[in-house]
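Hi there,

Here is the structure I promised to pass on to you. Have a look at it first, and then read my notes below.

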Amino acid sequence: MAIVRLAPVLRSSTGGSKQVIAEGTTLGEVLNDLYLRYPALKEQIQPEEELSRFINIYVNDQDVRYLQQGLATSIGPNDTIILLPAMAGGR
């Protein structure tokens, strides 16, 4: 099982939890496990087949976009996944 850490803006979808445990051997499987238990997360993370471009996902501190495997990224039982919505703004 992997630990999934959630940014404050996502915590309302998980009852306020800062982190949750999810099962799966790939990022896609882990996310699907989350969506089954916390359906509101799906709209924020993956409203379409692909991941939202407005969320950054890190597996063991590595950005999934740079790993090039996307949802097929391998997840081990001791891995940590961080879900962090992209911030915008400024001048």
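Let me start with a term: accessible areas come from the Shrake-Rupley method with a 1.4 Å probe, and for residues only the protein chains shown count as cover. On that basis, the protein chain has an accessible surface of about 5800 Å², and carbon and sulfur atoms hold 52% of it.

Before the details, please note that this is a predicted model, in which local features need pLDDT of at least 70 and side-chain atom pairs count only at pLDDT 80 or more, while totals for chains, interfaces and linings use all residues. Residues are numbered from 1 along each chain as its sequence is written, and side-chain values use heavy atoms, with hydrogens and water left out.

Now the overall fold. The protein chain has three helices and five strands (DSSP runs numbered from the N terminus: helices are H or I with at least four residues, strands are E with at least two). Read from the N terminus, the order is β-β-α-α-β-β-α-β. The radius of gyration, taken over C-alpha atoms, is 12 Å, close to the 12 Å that the globule rule (2.2 Å times the number of residues to the power 0.38) gives for 91 residues, so the chain is as compact as a globular protein of that length. Its C-alpha atoms fill a box of roughly 40 × 30 × 25 Å along the principal axes.

What is inside? Of the 91 residues, 37% are buried (under 20% relative accessible area; exposed is over 50%, and partly exposed is in between, with a 1.4 Å probe and protein chains only). The largest nonpolar core has 21 residues; such a core is a set of buried Ala, Val, Leu, Ile, Met, Phe, Trp, Tyr and Cys residues joined through side-chain atoms within 4.5 Å. Strands β1, β2, β3 and β5 and helices α1 and α2 each supply at least two residues of this core, and α1 gives the most, with five.

Beyond its neighbours within four places in sequence, V4 is in contact (heavy atoms within 4.5 Å) with residues including V30, L34, I81 and L83. A2 lies in strand β1 and counts as buried, at 1% relative accessibility.

Happy exploring!
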